[in-house]
Amino acid sequence: MVEMHDCKDRAELKKSVLPAQAWALAVGAIIGWGCFILPGTRFLPFSGPVASLVGLIIGAVAMSIVALSYGIMIKAYPVAGGAFAYAFASLGRIAAVICGWGLALSYSCVIALNATAIILLSRFLLPGAFEIGHLYTVAGWDIFSGEVALISVIIIFFAFMNYIGSNLANNIQLLLSLSLAIGVVILAIGSGIQETAGIENLQPYFNENHAGFISVISVVALAPFLYQGFDTIPQTAEEFDFCHTKSNMLMIFSIVCGCILYSLVLLAVSIIRPYPEMLEANYPWLTGTVSSMAFGKIGGIILAIPVLAGIFSGMNGYFIATTRILFSMGRSKFIPSWFEKVHSKYNTPVNAISFVLGFSLLAPWFGRPVLAWLTDTCALSAALSYFFSTYAAWKYVKMYPEEVTTRGAKFVTFIGTVISICSFFLLAIPGSPAAIGKESWILLIVWCVIGYFLYKQRANELNAISTKDLKYMLFGEKDCPLLFKYEK
């Protein structure tokens, strides 16, 4: 075993995140491009407006229960890494590897998908402006050098912003999240005051092709993906410049805000005219069409503000979260210690940022359909990380009830664990309303195989580190409690 005195000094991140910045990080991560495209591609065609609203609310309540478990774990283990750290605390090394590897994929893919959404927006607002220098076609998606250059510049900008200081990145995240919220409210008001707008346009309230329960549950099943983003707050727990007990309020408030913004966009799209007619017209982008109906020629510009804010805040939020989990995994030697390097001047995880930058720059070269297949696995990874976190919280409450102040904590953490398990199986079981597709399963298997071989390469080195030393490297405390039996 490697003894503590052989371990080099533990790298740490600067405490600079304020409550408003933590909220903005979560909301920006929750609301991305999907908020503006799902009403026309998923909510209305498969569920109907009222069923979708009910599903969004139920999903928000379920994820809020899960968030309470995260709040317990943040207070117990206030370090970078979030669910990865909690998986190790409750179940040990293998669970931490599975959780960390899954989250790294999940977060990275959301960055990539948000980046390619810029292409869709530019093709809608400025058709042909960046569609220059055709390179090739992937799954029916044309790759242009102009669009690759555009996305690459934006990704490099966000990487540079995170490189020179987390405080700057967090402040910009706050500005983007506020712009997103204001823009969505303006869109909803503009749609709602039109002469053609009316409650009767929401009929049929539920999808007529199947039972109302199925209409609702098909949206509820998407909750792990729709509200994924509140869990970026635990990723930055080590950087909180405020009391960790506020994290519960911040996570739940971010989920509520996310639910409101999803609902407002959905209502804006479905209330302006009878939504079945809108769907039958087969508009390329229903939300963009509705904005043009509400605001005329400037509708595209008005909509561009919240859409760009959603895309950029999603990219930045997950950039921060991904680099923190890689930093945490590197610091605890689950992946090469190269990832734990912190910049001497800016106190940012510089190597983790460089890695995420490199991965993200690959996104525009693959095309959006391929990334969409990969991103479908993100909800599965999210549900799995929720399970590790809620289960860890349940074990912590059982072992250390005197340390927990959350009312009904044992019941809350148990229900959170059940919700996480149900979410996972709704995505994994074939025939489920939210089951991921064949292509996504293939890509997920490939990712798991890569992770397995990478783990095998490091297994001997990782297993040579005593649990006591590993605990110190991950949590920063020699006496930090673990929730499983191990050899001391």
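## Cysteines

Cys-99 is buried, at a relative accessible area of 3%. This is a predicted model. Which cysteine sulfur is closest to that of Cys-99? It belongs to Cys-448, and at 13 Å it is too far for a bond. A disulfide needs two cysteine sulfur atoms within 2.5 Å, so the gap from Cys-99 to Cys-448 rules a bond out.

Cys-422 is in no disulfide either. The nearest cysteine sulfur is that of Cys-99, 19 Å away. Cys-422 is partly exposed, with a relative accessible area of 42%. Over the whole structure, the search finds 0 disulfides.

## Salt bridges

Side chains of opposite charge can pair when their charged atoms come close. The whole structure holds 5 salt bridges. One of them joins the side chains of Arg-123 and Glu-147, at 2.8 Å from N to O. Arg-123 lies in helix H5 (residues 93-125) and Glu-147 in helix H6 (residues 145-164), so this bridge ties together parts that are 24 residues apart in sequence. How does burial divide between them? Arg-123 is partly exposed at 22% relative accessible area. Glu-147 is buried at 2%.

Glu-239 and Arg-324 also meet in a salt bridge, with 2.9 Å from N to O. Glu-239 sits in the loop between helix H10 (232-235) and helix H11 (247-271), and Arg-324 sits in helix H14. The pair therefore ties together parts that are 85 residues apart in sequence. Glu-239 is buried, with a relative accessible area of 2%. Arg-324 is buried too, with a value of 2%. A further bridge connects the side chains of Lys-333 and Glu-340, at 2.7 Å from N to O. Both Lys-333 and Glu-340 are buried.

## Arginines over rings

Arg-123 has a second contact, with an aromatic ring. Arg-123 lies over the face of Trp-141, 4.4 Å from the ring centre. Arg-42 is placed over a ring face as well: that of Phe-46, with 5.5 Å to the ring centre.

## Aromatic pairs

A pair of aromatic rings is described by the distance of the centres and the angle of the planes. The structure holds 27 aromatic pairs. Among them is the pair of Tyr-77 and Phe-475, which is tilted, with 4.8 Å centre to centre and 40 degrees between the planes. This pair links distant parts of the chain, 398 residues apart. Tyr-77 is in the loop between helix H3 (49-76) and helix H4 (83-91), while Phe-475 is in helix H20 (residues 467-475). Tyr-77 counts as buried at 1% relative accessibility. Phe-475 is buried at a relative accessible area of 6%.

Phe-84 and Phe-334 make an edge-to-face pair: 5.2 Å centre to centre, 90 degrees between the planes. This pair too links distant parts of the chain. Phe-84 lies in helix H4, and Phe-334 lies in the loop between helix H14 (299-331) and helix H15 (350-361), 250 residues apart. Phe-84 and Phe-334 are buried. What links these rings to others? Ring pairs join Tyr-77, Phe-84, Phe-88, Phe-334, Tyr-396, Tyr-400, Phe-475 and Phe-484 into a cluster.

## Nonpolar surface patch

Leu-135, Tyr-136, Leu-362, Trp-365 and Phe-366 make a nonpolar surface patch of about 470 Å². Which elements give two or more residues to the patch? They are strand S1 (134-138) and helix H16 (363-366). Phe-366 belongs to helix H16. At 44% relative accessibility, Phe-366 counts as partly exposed.

## Trp-23

Trp-23 is placed in helix H1 (residues 19-30). Is Trp-23 buried or exposed? Trp-23 is buried, because its relative accessible area is 12% and buried means under 20%. In sequence, Trp-23 and Ile-182 are 159 residues apart. In space, they are 16 Å apart, C-alpha to C-alpha.

Terms used: Residues numbered from 1 in each chain as written. Predicted model: local features only at pLDDT ≥ 70, side-chain atom pairs only at ≥ 80, totals over all residues. Heavy atoms only, no water. Phe/Tyr/Trp six-rings, centres within 6.5 Å; stacked < 30°, edge-to-face > 60°. Helix = DSSP H or I, 4+ residues; strand = E, 2+ residues; numbered from the N terminus. Buried < 20%, exposed > 50% of the residue type's maximum accessible area, 1.4 Å probe, protein only. Lys NZ or Arg CZ within 6 Å of the ring centre and 35° of its normal. Patch = residues over 30% accessible without salt bridge, like charges linked within 9 Å, V, L, I, M, F, W, Y side chains within 5 Å. Areas by Shrake-Rupley, 256 points an atom, 1.4 Å probe, with all protein chains shown as cover. Salt bridge = Lys/Arg side-chain N within 4 Å of Asp/Glu carboxyl O.
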